[in-house]
Amino acid sequence: MTETRQTKVFEWSEVEPALVREMLRAAYTELADPGDVSKLGTLADDKLHKQAHRTFGRPPATRFRANTSPVTRVLRDVWLPTADEHILEKLTEALNNYDPLSTRAQRLDLLLKRRFTTSYTKLLWGQFISAHKASRTTPKKGRKSPKLTFGPPAKLQGKGLPPRYSTPYPHQTEAMAALDRLRDSEGERSGLMVIPTGGGKTATMVKWLMTEMRRRPDLRVLWIADQRELIGQAVREFQALAAEEPTDFTRVIRNVHGQAGIEAGFADASTDVICTTRQTLVTGSFDTKMRIVDHFLTRPVVVVVDEAHHAVSPTYQRVLAHVRETSTDMMLVGLTATPWPAGAGQAKLLRETFAEGLVEVTTGELVDKGLLARPVMHDVATPDQIDVSPEDVDRIVKGAELPPHVLRQLNRESRNALIVRTWLDRRLEWGKTLVFACDIAHAESLAATFRAAHVRTHMVHSGIDDDSREVIEDFRTSPDPGVLISVGMLLEGVDIPSARTAFLCRPTASHVVMRQMIGRILRGPSAGGDPDAHVVDFVDDWSIPFGVVGPVNIPDVAGRVAQDELDGSETTLPPILDDDGVEIGEDLIRRIALVMTERVQEYGLTATLTGARLVGYYHLDIRRIAVFDHARYVWEDAADWSLTTGTKAVASVQALFEDVPPPSPSTDEVQAFVGYCRSHGAPPPLVPLDADVDVRMTARALIDAPPMSEHDRIEFLRTRYDSSLARAIYPTFQTFYEAVTQANLELLDVVPGGATPESVDLPRTTAGTPIARDPDRDLQALFEATVETGRELLAHERGYEGRLDKQALPSIRWTTSVASTFWGTWNWRRSTKAKGKPVININQSLQAPVEQVSDGVLMDLIWHELCHHLTPGRGHDAEFRRLEHLWPEHIERSHELQTLPEHYSGLFRNA
């Protein structure tokens, strides 16, 4: 029996109807809404109380409790004269502790004449709310999640409800027919369903399983996924679709993972469906776990692997091999939205694991057929900085969601006003809009702000009195634009085809939650929706940058990206293609841009980059990680480190990336990569791409172009910027424009040019003589000698006083291994206790005998990097080149460095 408790909560039904009318009249007068004022006299008491709940919220929202609010004045002038004696006593005692008042008249006189200070207003509203609370019986709160079943069994009970989706999509019908054929086939039965986000792959599979369980009462289902969120999603889908079965349909389902005992689930003879994580099956003694699982395999079973591209991992292969050997009647089905692309290293194993292609449909195909809308992404920057601690960031990076105390900061008047203003500015374009709020208090504040702006507003969360189904139905059938504000209640299983816009007012670190929010508005025109679905992401300014998931971080969902102009118009950024015409994907572009932006925010603009080549990406389930040529071999070291922890010289995996110049991966990307390697026992496949950004090539194209006006020149460069990796790597068009202009001047010999040791053009061939190693080569001594000479060179230079003093100098170090694309870099340390301090990294390959790499070459290279230290954020601009050319014999030494590959091999790791 469920334990209950008595609680007291504010209820509008406890407030006298006459007072409610006066409060509503004051609110509507303030909002200049004569229509609503005129209706107040005809509303019955129960309707009046519901209207107060919709208008003010429960308890009343903060904005109505302001010192200047006319509703506050009603409380003082109308409610106080009728209030109980003890309320007047409490108020006067709190406000007047120097002159005791003995009569009601005296107390009331003081309170009615009192100026509306913040403390008085707060006390007044507090007493009003406290005086109108009613007792309510509620279940005692435990630690369990309200919507997930952890361990204990739950019923899949038929209720004869009408189906949510009356007509399946053609690809769903095709998939279910293919599942029927697979069921009836001979031999080992396994197949793969590829259906993108929004296409209903989970619903398709569960619907077919319901039909099968009704047809075959002894059938069991083992549903496996890598994330608890996906397991919870599957359980809820089973429960929702079971309710559409006849009333005599009854089955038992268990949600089994690390928070629940595995033995109880798999050994229970009455259990029909188990949803579990792969980690639950493989953690601890594998043989012991499999002996327990064997109990579940004594009946016919359908094994479903969600996010099936994980099944190529050794641990998954081991589990599936055991199930095949043990079960005498088993069917294996894989579900995925993002299978490995053709040519990826493990695609063959994936196809061998799931032999039959049941159905394969792409996002583009569903968009072309009108079944899915094409997402259009909009970013809206919020006005205030949000505080987050390093401890919070660390937890979030390691996989936790944003903590409540962080989310509570987002409930600000300025942010809420921006959200409402954004909707009002384009209300006809946005149409019906789903607004995802952080928590109940945030939802209530947003609802009050929308209503104050005369926006038709609906709200669903666990604290409302109204039936959420009725609220959603009222929103669904309304002919007018409006908003439906939700706290965690619209992520799954809600069908609102007329909703064309999602306002993402709640940040998340979960790719699953982001997919679910976007998925609510992806119904295309053939499915009762619109051709375009607008996704408006409210991007917050965090005090410490970290990996909040944005809609464009979802690979198979990110569609067009709109640039919203100041005049309210909109342009669409062109897709970026690699050299083979393959679209790179906006999720990768935005992720690269985010990493570069975080570096700028953290360390300032250190634009020493002139070129970078994107060679591919790692596919980690629901995210992709860009891999640049200059970091490719470091990623290989990171995979080796992850799989052989403790055998490497470096203390942390992040230290491996200490040498990597920008664009370099973020901490959360490295953590996700390590987690994948350890979970799968192997690194993820590297999907090849080939695209670069090189301002010198752009400058050369500009030089070779026909004569053009300055306006045409800017448009030429703007097109290059928008349609290439440049818009991800350079934070603004202006920085790109300046870099190209500088390269242009150097190519035309208008200003002194020079080497770019941070981005080396690798030779086509290298000499056969290997470069030697001299571990005793004293880099620190050369650095000190270079600094001393530099001080002499700058002795009469104004503006550089003290920049080469000891306390202001960067540190210097050899790279931990031979670098792949650079001789040296000036950078900021990203790990160790010296994080955030400047450092010069010199390619370890130059740690060679002086006969091969002279002191003069190394000192000239060190001076080049010190010039970056003297002119941070300016790249190789004219002042940088002027300082660089102060070095004695600079041209000769620079030439000597650049021609080293003509004499020695082994200078670069990939050469």
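Two strands pair if DSSP finds at least two bridges between them. Helices (H or I, at least four residues) and strands (E, at least two) are DSSP runs, numbered from the N terminus. With these terms, Val435 stands opposite Phe503 in strand S15.

This is a predicted model: local features need pLDDT of at least 70, side-chain atom pairs count only at pLDDT 80 or more, and totals for chains, interfaces and linings use all residues. Residues are numbered from 1 along each chain as its sequence is written, and side-chain values use heavy atoms, without hydrogens and water.

## The chain as a whole

The protein chain has 35 helices and 24 strands. It holds 911 residues, and 54% of them count as buried. Buried means under 20% relative accessible area, exposed over 50%, and partly exposed in between (1.4 Å probe, protein chains only). The accessible surface comes to about 39500 Å². Carbon and sulfur atoms hold 51% of that surface. Areas come from the Shrake-Rupley method with a 1.4 Å probe; for residues, only the protein chains shown count as cover.

Contact means heavy atoms within 4.5 Å. Among contacts with a separation of 6 or more, 77% join residues 24 or more positions apart.

Strand S4 (residues 189-194) pairs with strand S9 (residues 330-336) in the parallel sense over six bridges. Within this pairing, Arg189 has Met331 in S9 as its bridge partner.

## Strand S15 and its partners

Strand S15 (residues 499-504) is largely enclosed by the rest of the structure, because five of its six residues are buried. Strand S12 (residues 432-436) runs parallel to S15, joined by five bridges. Strand S16 (residues 532-542) also runs parallel to S15, with four bridges. There, Ala502 stands opposite Val535 in S16.

## Rings and charges

Rings of Phe, Tyr and Trp (its six-membered ring) pair if their centres lie within 6.5 Å; planes under 30 degrees apart count as stacked, over 60 as edge-to-face and the rest as tilted. The count comes to 22 aromatic pairs. Trp635 and Phe657 form an edge-to-face pair, 4.9 Å centre to centre with 65 degrees between the planes. Trp635 lies in helix H25 (residues 632-643), while Phe657 is in the loop between helix H26 (653-656) and helix H27 (667-680). Both residues are buried.

A charge sits over a ring if NZ of Lys or CZ of Arg is within 6 Å of the ring centre and within 35 degrees of the ring normal. Two cases follow.

| Charged residue | Ring | Distance from ring centre |
|---|---|---|
| Arg624 | Tyr617 | 4.3 Å |
| Arg718 | Phe733 | 4.3 Å |

## A buried isoleucine

Ile842 lies in strand S24 (residues 838-842). Ile842 is buried, with a relative accessible area of 0%. Leaving aside neighbours within four places in sequence, Ile842 has contacts including Leu779, Trp814 and Leu861.
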